[in-house]
Amino acid sequence: MIEMIDVKKTYPNGVIAINGINVKIKPGEFVYVVGPSGAGKSTFIKMMYREEKPTSGNILVNGVSLPSIRNSKVPLFRRNIGMVFQDFKLLQTFTAYENVAFAMEVIEKEPEEIKKRVMEVLDLVGIKHKARMLPSELSGGEQQRVAIARSIVNDPKVVIADEPTGNLDPETSWEIMNIFEEINKRGTTLVMATHNRDIVNNIKRRVIAIESGKIVRDEHRGDYGYEI
Amino acid sequence: MKFRTLLRHFRESFKNIGRNGWMTFASVSAVTVTLTLVGVFLVLMMNLNHIAGNVEKDVEVRAHIDNAANDDDIKAIGKQITEINGIESVIFSPKDEELTNLIDDLGDNGEAFKPFEQDNPLRDVYVIKTKSPQDVIKVAKKIEGMEYIQSVKYGQGYVEKLFSFVNIARNIGIVLIVGLLFTAMFLISNTIKITIVARRKEIEIMRLVGATNTFIRWPFFLEGLWLGVLGSIIPIGLIAVLYYNLYKYAAPQITFKFIDFLPANPFIYQVSAILIVIGAVIGIWGSLMSVRKFLKV
């Protein structure tokens with residue numbers, strides 16, 4: 001579960017990114033975060049995985065109060081959430097398999113378990129046959145599949161995706177969305193910031209719209225709502 | 001940490017050396033160049049120090065005893081001298097022995113002194129060595145004040161100049177070595193920093209998937225160690241070969257009595273050990289300092 005209470009965020013340069021947000025996301029929910037560029041979407045998302053700290057207010061993720069955990073404990077917190085980014089964030093010198101396995105190695109899982117589980121998730125995202133390839137040898141869609149595999153390999157309760165289809169063509173984007181739906185069906189909470197109106201309007205889920213650092217709309221089965 | 005994880009860090013550190021081929025080359029080259037310089041200076045300074053030590057060791061105090069002193073007086077003086085702080089040895093040299101030594105030292109010219117054997121004009125002497133050569137002057141002053149001491153000689157004037165020269169040489173050497181080490185540290189850690197800045201994304205991703213700082217640091221720590229050790233191989237080889245040949249072929253040509261180089265056998269190993277340790281420490285330090293920046297500790 002994710003909960004934000006009176007959250008405000010002002011950057012050192014004086015920019016107010018988030019200006020008083022209260023929101024609750026229940027376990028197993030699928031939530032889109034939409035809004036124009038510079039509205040505060042990214043800050044909203046980054047605060048959920050403790051990349052940014054709020055200036056005031058509290059954020060609870062899986063029962064952990066994020067503003068009060070120490071920097072050195074951040075990695076431990078992140079083991080319980082999966083993250084997917086627009087630019088994939090894969091280790092370029094690691095193969096697809098190694099990239100996914102790395103997330104299990106850091107929590108010191110048994111090698112046999114790692115091997116079994118990595119192949120399982122690579123199969124789930126449909127990229128098992130390219131396990132030995134480097135990210136540079138994969139297409140954008142394939143790289144994003146590897147990133148998704150990595151985000152779910154440790155069975156997190158929450159997956160946070162920041163514009164996961166931003167760099168992909170429409171067809172590939174639909175394939176990626178199918179994977180996300182599949183993950184959500186298994187009970188994982190999914191928070192996804194996006195600019196993709198087609199996806200939001202076709203796969204109807206809860207929509208949180210952010211403008212000027214505030215939630216301006218929160219609908220159960222909403223629309224994208226912005227004209228492009 | 002599990003042993004398996006430690007093995008993983010070792011494996012990873014070796015892989016990284018290969019994965020970052022050119023960066024490894026740059027870092028190792030920086031270590032090689034600076035350690036060669038440090039090594040050459042180290043060899044010079046340690047030998048200079050050794051020679052200076054030899055020269056200092058030859059410094060001794062000679063207390064000449066008045067002929068008026070009888071055997072008991074002489075013994076009493078000997079006892080008094082022994083009681084002075086910082087004395088290493090006191091040797092009594094009777095005047096007959098002094099004359100024999102003089103005649104021997106002068107070789108053929110010594111013949112001229114033979115007639116004196118009947119009526120020896122020299123005096124009994126106490127030859128005193130101090131634990132620290134620098135104490136010679138102080139000890140000499142004390143002995144001068146004793147009864148039946150006719151004169152005290154320790155190479156007045158010459159000894160003071162020698163000491164100040166040796167001191168200056170030592171200090172310059174230390175400053176040079178320390179300066180060089182600092183230069184080496186900054187040069188190497190900067191090179192390593194560049195290689196790690198290029199990998200900041202890698203560190204960021206590791207943090208994203210939940211790697212602790214310690215987990216991220218380990219491979220970098222080991223990598224720094226390998227870079228330092230790899231970089232010290234050429235300087236060690238170079239210095240070992242050069243010094244060995246210098247010691248074997250050039251040193252015997254120098255015939256000044258007090259110029260005596262450190263024997264190649266333990267010395268080359270000592271210098272090698274020092275260089276490898278410096279290389280390792282600098283490599284680790286440079287690597288960890290650079291990673292620190294990206295760990296937000």
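Reply: Let's start with a strand pair: β3 (residues 30–34) of chain A is joined to β8(A) by four bridges, and the two run parallel. Before going on, keep in mind that this is a predicted model, where local features need pLDDT of at least 70 and side-chain atom pairs count only at pLDDT 80 or more, while totals for chains, interfaces and linings use all residues. As for labels, residues are numbered from 1 along each chain as its sequence is written, with chains lettered from A and ligands numbered from 1 in the order in which they are written. Strands (E, at least two residues) and helices (H or I, at least four) are DSSP runs numbered from the N terminus, and two strands count as paired if DSSP finds at least two bridges between them.

How covered is β8 (residues 189–193) of chain A? Five of its five residues are buried, where buried takes 20 or more other C-beta atoms within 10 Å of a residue's own, exposed takes 12 or fewer, partly exposed is in between, and C-beta atoms are placed from the backbone. That goes for both faces: T189(A), V191(A) and A193(A) are buried on one side, and L190(A) and M192(A) on the other.

Zooming out, β8(A) sits in an open sheet of six strands, ordered β6-β7-β8-β3-β9-β10 (chain A), with mixed pairing. β6 (81–85) and β10 (214–219) of chain A each have a single partner strand, so one side of each is left without a neighbour in the sheet. On average, neighbouring strands here are turned by 15° against each other, direction ignored. At the β10(A) end, β9 (residues 206–211) of chain A pairs with β10(A) in the antiparallel sense over five bridges, and E211(A) has K214(A) as its bridge partner in β10(A).

V33(A) and V191(A) turn up again in the packing. Both are among the residues with the most contacts inside the largest nonpolar core, which has 96 residues, and V118(A) is another. A core here means a set of buried Ala, Val, Leu, Ile, Met, Phe, Trp, Tyr and Cys residues joined through C-beta atoms within 7 Å. α8(B) gives the most to this core, with nine residues. Leaving out residues up to four places away in sequence, V118(A) touches Y97(A), V100(A), A101(A), M104(A) and V153(A); touching, or contact, means C-beta atoms, placed from the backbone, within 7 Å.

Chain A has a second sheet to look at. Its four strands run β2-β1-β4-β5, open and antiparallel, with β2 (16–25) and β5 (64–65) of chain A at the edges, each pairing on one side only. Helix α1 (residues 41–48) of chain A packs on this sheet, touching β1 (2–10), β2 and β4 of chain A, and its direction makes about 125° with that of β1(A). Inside the sheet, β1(A) and β4(A) pair antiparallel over five bridges, including one that puts M4(A) with I59(A). Strand β4 (residues 56–61) of chain A and β5(A) are held by two bridges: V61(A) with V64(A) and L60(A) with S65(A). Two residues lie between the strands of that hairpin, and N62(A) takes a positive phi near 50°.

Finally, chain B. Its side of the contact between chains has 16 residues, meeting 17 of chain A, and α1 (3–19), α7 (200–208) and α8 (213–250) of chain B each give two or more of them. α7(B) gives the most, with four. Split by class, this side of chain B has six nonpolar, four polar and six charged residues, counting Ala, Val, Leu, Ile, Met, Phe, Trp, Tyr, Cys and Pro as nonpolar, Asp, Glu, Lys and Arg as charged, and the others, Gly among them, as polar.

Methods
Contact = placed C-beta atoms within 7 Å. Axes fitted to C-alpha atoms, helices over the stretch in contact; angles between N-to-C directions.
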